[in-house]
Amino acid sequence: MRFGGLTAVNAVSFAAERGAITAIIGPNGAGKTTLFNCITGFYRPSEGAITLHHEGRDTALHRLAGHKIARAGVARTFQNIRLFQGMTALENLLVAQHNRLMAATGFGIGAVLGLSRYPAAERDAIDRARHWLEMTALLDRADDPAGSLPYGAQRRLEIARAMCTEPALLCLDEPAAGLNPRESEALSALLRSIRDGGCSLLLIEHDMSVVMGISDRIVVLDHGAKIADAAPAVIRADARVIAAYLGEGDEE
Ligand SMILES: Nc1ncnc2c1ncn2[C@@H]1O[C@H](COP(=O)(O)OP(=O)(O)OP(=O)(O)O)[C@@H](O)[C@H]1O
């Protein structure tokens with residue numbers, strides 16, 4: 001991915017395996033968020049290919065618009081919380097399912113005509129939302145405005161919202177940022193349970209206790225290039241990775 005003369009992500013190649021947690025780490029400015037933006041359609045890569053293998057199909061994500069990437073099975077959360085603050089927690093999760101609900105009901109025509117599919121689809125959407133509220137320990141806050149929830153709860157709600165789209169791949173941009181150690185531990189447990197449910201996870205995270213604790217594989221970027229790609233125990237002892245992080249410490 002190039003921005004004018006700057007190559008932000010340079011020939012980075014890796015696989016996020018099905019049903020695994022793959023972390024992307026690296027010093028500030030390494031290109032992590034740019035990579036996410038390419039995968040999720042916010043940027044169109046200048047060169048290269050990004051392929052989603054899902055339900056027996058290969059989808060070329062680098063050719064699709066953002067909303068089509070979401071429909072193909074890729075969900076994401078952001079570094080900054082992006083919830084509808086005035087809507088309740090439950091409503092936020094229903095909005096996330098709007099497209100599916102519309103499709104299930106003939107884009108609203110079924111609802112207007114009172115066809116029986118609409119209430120069933122709506123019930124399913126509410127059940128799915130309640131399931132993810134329960135998974136994220138937010139069921140008792142279902143009817144509270146999202147904006148009134150504590151910070152850590154809002155972060156969990158964002159994950160619940162992404163999961164309501166039933167993605168094949170969930171991309172999380174710094175989900176542990178701003179969480180206290182107890183909340184980070186609960187987050188790790190949540191992400192493990194999402195993985196164990198069969199969803200693949202791609203994780204950008206600076207909190208090394210979270211990364212080392214839950215990742216099946218870690219990809220390390222530095223100055224836009226991949227410098228390592230291995231299991232946590234190997235990454236921890238990799239001289240290039242240590243040097244990249246030490247270099248960052250020196251600059252700061
Ligand atoms: N839209 C853009 N236009 C120009 N340059 C950009 C753009 N987005 C990112 N960059 C540059 O690309 C490089 C990689 O940035 P990126 O935000 O992807 O790094 P990062 O690894 O996510 O960093 P951090 O850990 O600080 O979030 C940086 O040099 C950044 O300035």
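Guide: Begin with burial: a residue is buried if 20 or more other C-beta atoms lie within 10 Å of its own, exposed if 12 or fewer, and partly exposed in between, with C-beta atoms placed from the backbone. Helices (H or I, at least four residues) and strands (E, at least two) are DSSP runs, numbered from the N terminus. The model is predicted, so local features need pLDDT of at least 70 and side-chain atom pairs count only at pLDDT 80 or more, while totals for chains, interfaces and linings use all residues. Residues are numbered from 1 along each chain as its sequence is written.

The part to look at is helix H1, residues 32–39. Seven of its eight residues are buried, so H1 is largely enclosed by the rest of the structure. The buried ones are Lys32, Thr34, Leu35, Phe36, Asn37, Cys38 and Ile39. After H1 comes glycine 41, with a positive phi near 90°.

A residue is near a molecule or strand if its C-beta atom, placed from the backbone, lies within 6 Å of it. Around the ligand stand Phe3, Leu6, Ala8, Gly26, Asn28, Gly29, Ala30, Gly31, Lys32, Thr33 and Thr34. H1 gives the most to this shell, with three residues. By class, the shell has four nonpolar, six polar and one charged residues. In that count Ala, Val, Leu, Ile, Met, Phe, Trp, Tyr, Cys and Pro are nonpolar, Asp, Glu, Lys and Arg are charged, and the others, Gly among them, are polar.

Now the packing. Two residues are in contact if their C-beta atoms, placed from the backbone, lie within 7 Å. The buried residues of H1 pack against strands E3 (21–25), E6 (74–77), E7 (169–173), E8 (200–204) and E9 (217–222).

Those strands belong to a sheet. Two strands pair if DSSP finds at least two bridges between them. Six strands form an open sheet with mixed pairing, in the order E6-E7-E8-E3-E9-E10. E6 and E10 stand at the edges with a single partner strand each, so one side of each is left without a neighbour in the sheet. From one strand to the next, the twist averages 15°. H1 packs on this sheet, and its direction makes about 150° with that of E7. Such angles run from 0 to 180 degrees between N-to-C directions, and axes are lines fitted to C-alpha atoms, for helices over the stretch in contact. Helix H8 (181–196) lies across E3, E7 and E8, running at about 150° to E8.

Walk the sheet from E6. E6 and E7 run parallel over four bridges, and threonine 77 stands opposite leucine 172 in E7. E7 is parallel to E8 too, through five bridges; cysteine 171 faces leucine 202 in E8. Five of the five residues of E7 are buried, so E7 is largely enclosed by the rest of the structure. Both of its faces are covered: Leu169, Cys171 and Asp173 lie on one side, Leu170 and Leu172 on the other. In the loop between E7 and H8 is glutamate 174. Its phi is positive, about 55°, although it is not a glycine. Glutamate 174 is buried, with 20 other C-beta atoms within 10 Å.

E3 joins E8 in parallel through four bridges. Here isoleucine 24 stands opposite isoleucine 204 in E8. Beyond its neighbours within four places in sequence, isoleucine 24 contacts Lys32, Leu35, Leu202, Leu203, Ile204, Val219 and Leu221. A nonpolar core is a set of buried Ala, Val, Leu, Ile, Met, Phe, Trp, Tyr and Cys residues joined through C-beta atoms within 7 Å. The largest such core has 59 residues, and Ile24, Leu93, Ala160, Leu170 and Leu201 touch the most other members.

The last pair is antiparallel: E9 and E10 (residues 225–230) share five bridges. Isoleucine 218 has alanine 230 in E10 as its bridge partner. The two strands form a hairpin with two residues between them, and histidine 223 in the turn has a positive phi of about 50°. E10 also holds isoleucine 227. With 16 C-beta neighbours inside 10 Å, isoleucine 227 counts as partly exposed. Leaving aside neighbours within four places in sequence, isoleucine 227 is in contact with Val220, Asp222, Arg240, Val241 and Ala244.
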